[in-house]
Structure formats: structure tokens, C-alpha cells
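I opened this notebook to record what I looked up, entry by entry. Each entry covers one topic.

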Amino acid sequence: MPVQDFEQLFQDKIDNEIKIEPKDWMPEAYRKTNIRQISQHAHSEIVGMLPEGNWISRAPSLKRKAILLAKVQDEAGHGLYLYSAAETLGMPREEMINDLHSGKAKYSSIFNYPTLTWADIGAIGWLVDGAAIMNQVMLTRTSYGPYARAMVRICKEESFHQRQGFEILLVLSRGTTAQKAMCQDAINRWWWPALMMFGPKDSESTNSDQSMKWKIKRKTNDELRQNFVDMIAEQIKTLGMKLPDDQLKWNTERKHYDFGEIDWDEFWQVVKGNGPCNKQRLEARRKAWENGEWVREAAAAYARKRADRQKDKAA
Amino acid sequence: MTDQELIKRKLDYSLHLADTTLILSQRNAEWCGHGPVLEQDIAITNISLDLVGQARNFYQYAAELINQSNDKPIHPATEDSLAYLRTEREFKNCLLVEQPNEDWAQTILRQFFFSNYQFLLYQELQKSNDRQLAAIAEKSLKEVTYHLRWSSEWVIRLGDGTAESHQRMLQAIDELWRYTGELLNAAEYEKEAGTDPSLFQPQWLSKVKEVFDEATLPVPEKTFMQSGGKTGTHTEHLGFILTELQYIQRAYPDSQW
């Protein structure tokens with residue numbers, strides 16, 4: 001069959017909502033886009049462990065400590081499913097990790113912001129996981145089967161994390177003056193970076209059209225961002241806090257909230273590596289990997305010895 | 001012994017069990033996000049999570065004992081007041097668990113020495129006539145069984161892995177062996193309110209021998225053993241652990257979290 005027919009068949013499947021599976025024929029660009037997106041997503045889970053892990057040792061109560069430990073552990077688990085999903089496209093995990101460490105692969109810029117107070121753990125859960133869920137709910141219907149199935153599992157846990165984050169802030173919002181101030185300060189610092197998580201505006205986004213056609217993405221950056229603003233603008237009322245945007249206002253005609261302009265210069269700077277923590281995050285990951293090298297070698301050497309011994313026994 | 005004295009012993013014993021599991025949980029959690037490979041990052045975090053769960057159970061029981069006693073405080077004790085507002089000299093954890101993680105070898109060996117001890121301890125404790133302690137031990141035994149299996153396998157893998165991993169295990173044994181004596185030497189409160197761990201010292205040692213044999217590691221000769229943690233005399237590490245652990249509660253007193 002000529003390649004054109006394969007392509008037609010492939011696009012027909014997509015148009016008919018039939019999932020693409022690992023052994024199916026797929027255009028090289030589809031494979032590459034999925035590897036890029038899934039591995040980037042996996043890296044985000046792994047790098048995302050760092051800003052939150054930062055507060056495990058200082059969590060303010062044993063209950064919060066246990067919840068945070070479980071949450072960060074869930075993220076490691078998400079990283080694991082996602083690396084496995086990307087591996088089904090022919091990219092070994094180690095190669096993906098090397099690309100992260102060399103700077104070739106990206107991860108979500110949000111994790112290049114620092115967690116300065118306990119309230120940041122609440123703000124990350126509520127705003128960052130909240131923004132991530134918008135994207136991930138869409139991805140449960142993405143066209144590549146293993147990715148869509150990984151997302152179903154991940155979404156369940158993420159919405160739990162979002163509720164826990166909101167609950168941290170809710171307690172602070174009803175606490176002492178210092179706690180209320182801590183809560184508002186965290187919202188001020190995380191709001192704009194959370195909006196940036198949806199990526200460039202549709203008019204500026206390079207990968208969007210093809211990804212929509214292939215149903216890797218099913219909603220545009222701007223649509224998802226609007227959904228997020230609408231959700232948070234309502235939820236914040238319960239906290240009695242304010243979003244740091246003077247232009248935030250309900251638009252009765254559009255039936256959506258209007259909101260102010262993102263600082264796109266900051267957005268691109270962080271993408272380019274100039275965010276407050278880009279350097280520390282990558283260094284922490286590299287260091288963990290390098291310090292673990294002798295451990296991985298020992299485990300491999302032991303596994304070989306064992307296999308040899310069993311062979312000898314069988315012979 | 002009067003009832004009052006027995007309750008005091010029971011309280012000390014529960015706090016000792018709680019502090020020991022909390023401090024090891026705190027140490028293991030330092031690995032979270034920094035493990036040598038993703039699967040093991042998850043495993044060590046999981047152990048940390050199990051241990052903080054056990055600590056909470058013991059602290060809640062200790063708080064109950066305090067709140068029911070004759071000289072109960074004006075503000076009732078809670079799991080958090082006991083974990084966050086007691087000082088270095090009041091903590092009763094074993095010295096072993098406060099030792100630094102250093103490398104994966106030392107972390108693994110600390111876990112193996114500890115889980116080996118905790119497994120034997122909980123097996124005894126589940127027979128205790130203190131029904132609450134017995135219930136916690138029984139509930140936790142499944143977790144500890146896994147911790148022991150996991151850490152034993154890693155001791156073997158590293159001991160019998162590469163020349164480097166073997167060397168690192170020898171170094172870890174050299175660092176940690178001196179803290180193992182205290183695990184198996186009873187403080188007064190253990191004898192009177194709990195289980196005397198010296199009774200299962202032979203089983204503890206025989207497990208070490210079995211695993212070290214397979215790992216091609218030597219069991220050290222009798223050496224001088226450090227002790228004091230169980231009665232509040234610690235190594236210099238504990239002060240720093242508590243500084244971090246207790247920071248928010250100390251900086252913002254009387255707040256809900």
C-alpha cells in the first residue's frame with residue numbers, strides 16, 4: 001500500500017474516534033509529537049516533585065505531612081506511567097531522561113517557580129493541579145491509546161490533589177492574620193504562572209493546528225485557559241481572597257470572565273531557562289541521577305550474577 | 001508500682017515508639033524526588049509514609065494517656081503537640097534512626113537494621129495486654145514485613161553487586177553498627193510497659209547473619225555500642241531534624257493547619 005493510503009486510513013481512524021495503538025501504522029510526525037508531548041509530561045511530573053518535596057520535612061502537622069508525601073509519591077507514579085506510555089512509541093526511558101538533563105527536552109515551566117511558604121503547597125494543589133486537570137481531562141480523549149489510558153488514571157488522582165490544595169488554603173483563609181496574609185501572598189505569586197501553563201495564545205502557538213487535526217489536543221490553549229479562569233474566579237469566593245488581576249470581570253455577553261494580559265516576556269524568559277529556579281531544578285535532577293549511577297550499576301550487576309548462577313544450576 | 005507510675009511508663013513507651021518511627025520517616029522522606037531510580041524513589045517514600053502513619057497512631061495513643069491522667073494539661077495533648085512541641089531532650093527515639101542518609105547504601109542498611117528489629121518487636125507487641133498497642137502492632141506488621149523484605153533484598157544486591165557497592169556497604173556497616181546495640185537493649189520503660197527487646201536479640205542477629213552471608217558482607221565483631229537515645233541523650237543530628245520538622249508550629253504558635 002502506498003504511504004498515502006496508510007495516511008488516509010490513519011486519519012479515518014482518528015476521525016472515527018478509534019484510538020491509535022502502539023503497533024498501528026502512524027505518520028512519523030505523529031509519533032514524534034506524541035513522544036515529545038508525553039515525555040515532556042512525564043518530566044513535568046518528576047521535576048514537579050521538587051518544589052513540593054521541598055516542604056515535606058516542614059509540613060505543619062503530621063496529617064499534612066502524610067498527605068503531602070502521598071501526593072508527591074503519586075506524582076512519581078504518574079511519571080512512571082507516562083514514561084511507559086512514551087516507551088510504547090519506541091523511545092527508551094533512559095534516553096528521555098538524558099534529554100531532560102541535557103536541556104533538549106522541556107518540562108512545565110510552572111515548576112521553575114519557588115515554593116516559599118506553606119501556603120504555596122495549597123496554591124500549587126489548587127491552581128497548578130487545577131490548571132493541569134483542564135488539560136488532562138481533555139487528554140483522556142486524546143487519539144493515542146496508551147496516553148489516553150494513562151490520563152484516565154492520572155486525572156482521578158489529580159482532582160483529589162486539587163481538593164486537598166484548596167482545603168489547605170481554606171484552613172489558612174479562616175486562620176490567624178498571618179495565615180490569611182500567607183494565603184493571599186501565595187495566590188498572588190502563583191496566579192499568573194498558572195495561567196501561563198496553557199501555553200502561548202492560539203495565534204502564536206506553532207504546534208496547535210496539526211495536533212488538533214490528529215486529536216492529540218482537542219481544545220485550544222485559549223479555550224482551556226478561559227475555562228480555568230471561569231472556574232477559579234468562582235472558587236476563590238469561598239476563600240474570601242482576591243485574584244491579582246484588576247481586569248478580572250464577568251462578561252454577561254460572552255458568559256465568561258474577562259481577564260488581564262499575561263506578561264509574555266516573563267513567559268518566554270522562563271521557557272528559555274531564565275526562571276527563578278530553572279537552574280536548581282535541573283541540577284537537582286542531574287545530581288539525583290548521577291548519585292544513583294552506582295546503585296543502578298550494582299543492581300544490574302547483581303541481576304546478571306543471579307541469572308548466571310541460575311543458568312549454571314540448570315546446566 | 002502505682003497505677004500512676006505504670007501510666008507514666010506506658011506514656012514513655014508510646015512516645016519512644018512514636019518518636020522512633022517519626023524520625024525515620026523524616027529521614028527517609030529526604031529521598032523523595034532524589035532517589036537513584038524512579039521505582040526506588042517511590043519505594044522509599046512509601047516506607048516513609050507507612051512510618052509516619054505508625055507514628056501518628058502511637059502519638060494519638062500517647063495523647064489519650066496524657067489527657068486521661070490526673071495531671072492532664074489545660075490544653076489537651078494531640079499528636080501534633082507531641083511531635084512538634086517537645087524538645088531534643090524529651091525525644092526518645094533510638095540513635096540509629098536519626099543518623100544521616102548519606103548514600104543509598106547507608107540508607108538501605110539503616111532500614112534493614114531497623115526493620116529487622118521492628119518486625120520482631122511488633123510480633124511480640126501484638127501479643128501485649130495493652131490492647132491499643134497490640135492493635136497498632138498487628139496493623140503495622142504487614143507493612144514492616146515488606147520493609148524488611150525490601151531492605152534485605154537491597155543489602156544483598158549492594159553487597160554482592162559491584163566492587164564499589166560492596167565497598168559502600170562496608171563503609172555503611174562501619175558507620176551504623178555501633179547504633180544497633182541500643183535497639184536491643186531495654187530502657188526501664190520498655191521492660192515495665194512493653195516488650196524487652198533483648199529477648200529477641202538472637203533472632204535479630206541471626207537474620208543479620210543470614211542476609212549478610214548472602215550479601216558476602218562480614219558481620220562485625222563485638223564493638224562498643226552507642227546508646228542514650230531512648231532516654232533523651234541524642235547525637236548532634238537530632239537538633240537539626242527537629243528544627244526543620246517543628247519550624248512552622250514554633251514560628252506560628254496556636255494556629256490550625
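**Entry: a pair within one helix.** I looked at A:Lys71 and A:Glu75, which both lie in helix α3 of chain A. They are 4 residues apart, about one turn of the helix. I noted that the model is a predicted one. In it, A:Lys71 and A:Glu75 form a salt bridge, with their closest N and O atoms 3.8 Å apart. Side chains of opposite charge can pair when their charged atoms come close. I then searched the whole structure and got 32 salt bridges over all chains.

**Entry: the second largest cavity.** A:Lys71 came up again here, as one of the residues that line the second largest cavity. I put the volume of this cavity at about 80 Å³. Its lining also includes A:Arg64, A:Trp118, A:His161 and A:Gln164. Among the others I listed A:Ile67, A:Leu68, A:Ile121 and A:Ile168, along with A:Gly125 and A:Gly165. Sorted by class, the lining has 5 nonpolar, 4 polar and 2 charged residues.

**Entry: the largest cavity.** I counted 4 cavities of 30 Å³ or more in the structure. The largest cavity has a volume of about 130 Å³, and 14 residues line it. Nearest its centre I found A:Ile46, A:Ile97, A:Arg285, A:Trp289 and B:Leu38. On the chain A side, α2, α4 (93-102) and α11 each give two or more residues to the lining of the largest cavity, and on the chain B side α2 does. Which element gives the largest share of this lining? I found that α4(A) does, with 4 residues. By class I got 9 nonpolar, 2 polar and 3 charged residues for the lining of the largest cavity.

**Entry: the second largest pocket.** I next turned to the second largest pocket, with a volume of about 650 Å³. I found 29 residues in its lining. Those nearest the centre of the pocket are A:Lys287, B:Glu30, B:Trp31, B:Cys32 and B:His34. I sorted the pocket lining into 12 nonpolar, 10 polar and 7 charged residues.

**Entry: where chain B meets chain A.** How many residues does each chain bring to the contact? I noted 48 from chain B and 47 from chain A. The size of an interface is often given as the accessible area lost when the parts come together. Here I noted about 3,900 Å² buried between chain B and chain A, 67% of it on carbon and sulfur atoms.

I then looked up the pairs across the contact. There are 3 salt bridges between chain B and chain A. One that I wrote down joins the side chains of B:Asp160 and A:Lys305, at 3.1 Å from N to O. I also counted 17 residue pairs in polar contact between chain B and chain A, both residues at pLDDT 80 or more.

Which elements of chain B supply at least two residues each to the side that touches chain A? I listed α1 (3-29), α2 (38-68), α3 (79-84), α5 (104-125), α6 (131-159), α7 (163-176) and α11 (237-251). The most come from α2(B), with 11 residues. By class, the side of chain B that touches chain A has 22 nonpolar, 14 polar and 12 charged residues.

Note on methods:
Residues are numbered from 1 along each chain as its sequence is written. Chains are lettered from A and ligands numbered from 1 in the order in which they are written. This is a predicted model: local features need pLDDT of at least 70, side-chain atom pairs count only at pLDDT 80 or more; totals for chains, interfaces and linings use all residues. Side-chain values use heavy atoms; hydrogens and water are left out. Contact means heavy atoms within 4.5 Å. Buried area is the accessible area (1.4 Å probe) that two parts lose on being put together, summed over both. A salt bridge is a side-chain nitrogen of Lys or Arg within 4 Å of a carboxyl oxygen of Asp or Glu. A polar contact is a pair of N or O atoms within 3.5 Å; within protein, one must be able to donate a hydrogen and the other to accept it, and residues adjacent in sequence count only if both atoms are side-chain atoms. Ala, Val, Leu, Ile, Met, Phe, Trp, Tyr, Cys and Pro count as nonpolar, Asp, Glu, Lys and Arg as charged, and the others, Gly among them, as polar. On a 1 Å grid over the protein atoms alone, a cavity is a set of points where a 1.4 Å probe fits but cannot get out, and a pocket is an open set with protein on both sides within 12 Å along at least five of seven lines; lining residues have an atom within 4 Å of a point. Grid points are joined across faces, edges and corners, and a volume is the space filled by probe spheres set on the points.
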